[in-house]
Each structure stands twice: as structure tokens, then as C-alpha cells.
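Work through the two exercises below with the sequence and the model side by side, and try each task before reading its solution.

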Amino acid sequence: RVAMEASELWVGFVGAGRMAGGLVRGLLQAGKVPASNILASAPSDKNLDAWRELGCRTTHCNLEVVHRSTLVFLATKPHILPGVLEELRPAVGPHHIVVSLVAGVTIQTLQRLLPPWTKVLRIMPNLPCVVQAGAMVFSRGSNAGDEEATLLKSLLSSCGLCEEVPESYIDIHTGLSGSGVAYVYLFAEALAEGAVKMGMPGALASRIAAQTLLGAAKMLLETGEHPAKLRGDVCTPGGTTIYALHQLEKGALRATVMDAVEAATNRACDMAKD
């Protein structure tokens with residue numbers, strides 16, 4: 001029943017930035033929603049041209065998105081969302097499902113700014129959703145039930161891993177995965193530069209570093225093993241890996257990464273209070 005409803009959904013995006021565009025590409029590639037059933041709004045054509053190329057409909061009117069859609073994604077900048085919700089509020093009905101991608105805006109705030117019956121969910125994606133390899137978490141408001149949660153998870157699983165969590169985990173997800181993508185890029189850059197230092201051409205080193213990260217991540221997901229177990233499997237007594245790991249431990253890699261996740265999570269919490 002959920003699959004049938006998903007294929008018949010009219011989906012709207014208020015805001016048409018890169019992250020929203022990444023989600024749409026996932027939905028279209030998986031055949032979840034026809035492009036003709038998707039309507040996006042933005043103040044200018046700057047971002048909308050890419051949506052038109054995908055076959056989606058576009059508009060400069062946010063209210064048109066609500067009037068023509070059942071599932072409405074909010075994808076604006078945080079500072080303009082209150083004004084947008086004030087504009088949309090009169091048009092939101094009991095049949096709408098409203099899903100916010102906006103960082104730092106809580107479900108409580110969304111419910112306060114929308115009609116009291118509104119079915120609200122909040123989702124936090126990350127950049128690899130653009131290539132359908134994202135990590136997303138979502139939480140539901142008081143009026144969103146199992147049907148809405150199942151529908152959202154069914155749709156967004158086409159863009160990567162999608163898990164329902166308590167809302168308190170969303171800021172942690174930001175520190176772990178939203179910002180964490182940048183930590184991985186930094187590590188990939190360092191891996192490749194180490195190989196360049198030892199004499200390998202940069203382009204080749206970068207490709208091998210990226211494939212190394214991809215393969216390691218795939219093994220973590222597919223085996224379900226603890227990272228420490230897989231790390232131990234690579235080490236042999238007196239071999240190259242244990243010598244390298246000793247250097248990483250001397251540089252306090254684990255403690256530094258843990259501190260980074262903590263710092264980003266705390267910043268996400270502060271932004272939500274602003």
C-alpha cells in the first residue's frame with residue numbers, strides 16, 4: 001500500500017538547493033515518484049533550471065507548491081523559514097505531510113508555526129545523498145503516525161541509509177555524518193598526499209584513496225563487524241599496518257576525531273537555540 005501511495009504522490013519542494021536536488025535525483029532514479037509529480041519553488045531560476053532538466057515542474061510561488069502537493073519538503077535557509085511558514089500556513093490542510101530539511105529548526109518550532117493538525121517530520125540528510133549514497137535520520141512530530149514514517153523511509157531509502165531516531169539524535173547525526181563527510185575528505189586527502197610523498201602520482205593516489213575508503217565502508221556495512229575487529233584482521237604481527245597504526249595512535253587520531261564530532265554536535269545544538 002505504501003509503494004502504491006508513493007508512486008501516486010504529488011511531491012513539492014519549497015526551496016530547490018543542492019541537497020533537495022540530490023533527494024529528487026534519488027527518487028527519480030529509483031522510480032519512486034514520476035518527475036511530472038514533482039513541483040519545486042525558488043525565488044529565481046538559478047537552481048530551478050536543473051529541476052526542469054530532470055522533467056520536474058517549477059514555480060516561483062511557494063503557495064502553489066502547497067496547493068498542488070500532498071508531501072511538502074521544506075528546503076529553505078534557516079533564517080527565512082519562519083517567514084515562509086507564515087506564508088504557507090493558511091494553505092496547509094490535514095491531508096498534507098510536511099517534511100523539513102532545514103538545519104537547526106526543531107519539530108516543536110515547526111508545529112508552532114504550522115496549523116495544529118499538521119503532520120510534521122524532520123529529516124537531516126548529508127551531502128552524499130546527491131550521489132544516492134547518503135546517511136539520513138528523521139523524527140516525527142506528534143501528529144505524524146506510522147503510515148507517514150513508513151512512507152518517508154520508503155521514499156528516501158533510494159537516496160541512501162535512512163533511519164528513524166529520537167529528535168535529540170539529529171544534532172549528533174549532524175556532528176557524525178553531516179559534518180563527518182568533511183572529516184573523511186580530509187583523511188582521504190592525507191592518505192593520497194602520503195602516497196605522493198612516497199612517489200606515486202597524485203591523480204592515481206587520490207583514486208586509490210577513495211576506493212580504499214569505499215571498500216572499507218562497504219565491509220563495515222555488509223559484514224556488521226565492529227571496526228576494531230576488521231582493523232585487527234588487517235594487522236599481522238610485525239607487519240606494515242601495525243607500524244602505521246602506531247603512528248596514528250601517537251598522533252591521537254581517535255581522540256581528535258571524537259573531539260571533532262563533539263564540537264560539531266555542540267555547534268548544531270547552539271544553532272538550534274539561536
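**Exercise 1.** Determine whether Glu 87 is buried, partly exposed or exposed, and where Glu 87 lies.

*Solution.* Glu 87 counts as partly exposed because its relative accessibility is 34%, where buried means under 20% relative accessible area, exposed over 50%, and partly exposed in between (1.4 Å probe, protein chains only). Glu 87 belongs to helix H5 (residues 81-88); helices (H or I, at least four residues) and strands (E, at least two) are DSSP runs, numbered from the N terminus. Next, setting aside neighbours within four places in sequence, Glu 87 is in contact with Asn 62 and Leu 63, contact meaning heavy atoms within 4.5 Å. Finally, the C-alpha atoms of Glu 87 and Asn 62 are separated by 8.1 Å, although these residues are 25 residues apart along the chain.

This is a predicted model, in which local features need pLDDT of at least 70 and side-chain atom pairs count only at pLDDT 80 or more, while totals for chains, interfaces and linings use all residues. Residues are numbered from 1 along each chain as its sequence is written, and side-chain values use heavy atoms, with hydrogens and water left out.

**Exercise 2.** Describe how strand E2 (residues 38-41) is covered, and which strands pair with E2.

*Solution.* In a regular strand the side chains alternate between the two faces of the sheet. In E2, Ile 38 and Ala 40 on one side and Leu 39 and Ser 41 on the other are all buried, so both faces are covered. Strand E1 (residues 11-14) pairs with E2 in the parallel sense over four bridges, pairing requiring at least two DSSP bridges between two strands; Val 11 has Ile 38 as its bridge partner in E2. Three bridges join E2 to strand E3 (residues 57-59), again in parallel, and Ala 40 stands opposite Thr 58 in E3.
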